[in-house]
Amino acid sequence: MGIPCGIFTDMNKEEFIVSTVTIVLLVILAILAITFVVLYFLGKRMQKKQEEQQVQIQSTSQTVSLLIIDKKRMKIKDAGLPPAVVAQTPRLMRGSKVPVVKAKAGPKIMTFICDAAIFDNIPVKKEVKAVVSGLYITSVKGLHGSITTAAPVKKGLRARLQKKYKEASARLQK
């Protein structure tokens, strides 16, 4: 299969021409696949860390009687938390808003960070039994009676129109 007489011939070669659009799409597809794989493994690692933290929180939790004074969502640096807590938080998290509860625990008025899942269920100006781990409130029970849940969220325009439509169609079918 030598080249006769030093002349290069293309007769037996097949050319495969790929357009630039397909090359760009293949590169983007490869980058997306790599990104998803990296995010998958990072997600698993973060989930393991969170499970370890939950175990640690559960092991150090105590039940405390608290009189809730105020609750609001505010930035960590503006919440009035101890300087050690603010210094431990990552810089990106210092600007994000967290649920903060101001409560009287015994003779002291303290600032607590609350679990976001139970923040709406915490009553203001009432005494509650709270499960506290350090400055973190994980759950709340009513001390005198039950805790009333928050008012239901207002429905939007689409939900109201959809309800009216269903009522009207039910009347027409009768």
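Trainee: Which residues lie nearest the centre of the largest pocket?

Mentor: In this predicted model, Q53, I57, T89, I113 and Y136 lie nearest the centre of that pocket, which is lined by 19 residues. Its volume is about 720 Å³.

Trainee: What makes a residue part of the lining?

Mentor: An atom within 4 Å of a point of the pocket. The largest share, 4 residues, comes from α1. At least two residues each are supplied by α1 (20-59), α2 (83-88), β2 and β3 (108-114).

Trainee: How do the lining residues divide into nonpolar, polar and charged?

Mentor: There are 12 nonpolar, 6 polar and 1 charged.

Trainee: Why are β1 and β4 said to pair?

Mentor: Pairing needs at least two bridges. Strand β1 (residues 62-75) and strand β4 (residues 127-133) have 6, in the antiparallel sense, so they pair. In this pair, T63 stands opposite V131.

Trainee: How do you know that β1 pairs with β2?

Mentor: β1 and β2 (residues 97-105) share 8 antiparallel bridges, and K72 has V100 as its bridge partner in β2. The requirement is at least two bridges, so β1 and β2 pair.

Trainee: Which residues of the largest nonpolar core touch the most other members?

Mentor: L66, I68, V101, F112, I137 and V140, out of 15 residues. β1, β2, β3, β4 and β5 (136-142) each supply at least two residues of this core. A second, separate core of 7 residues includes A79, V86, V100 and I113.

Trainee: What is I137 in contact with, leaving aside neighbours within four places in sequence?

Mentor: Its contacts include L66, V101, F112, I118 and A130. Contact requires heavy atoms within 4.5 Å, so each of these residues meets that limit with I137.

Definitions and conventions. Residues numbered from 1 in each chain as written. Predicted model: local features only at pLDDT ≥ 70, side-chain atom pairs only at ≥ 80, totals over all residues. Heavy atoms only, no water. 1 Å grid on protein atoms, 1.4 Å probe; cavity = no way out; pocket = protein on both sides within 12 Å on 5 of 7 lines; lining within 4 Å. Points joined across faces, edges and corners; volume = space filled by probe spheres on them. Nonpolar A, V, L, I, M, F, W, Y, C, P; charged D, E, K, R; others polar. Core = buried A, V, L, I, M, F, W, Y, C linked by side-chain atoms within 4.5 Å. Buried < 20%, exposed > 50% of the residue type's maximum accessible area, 1.4 Å probe, protein only.
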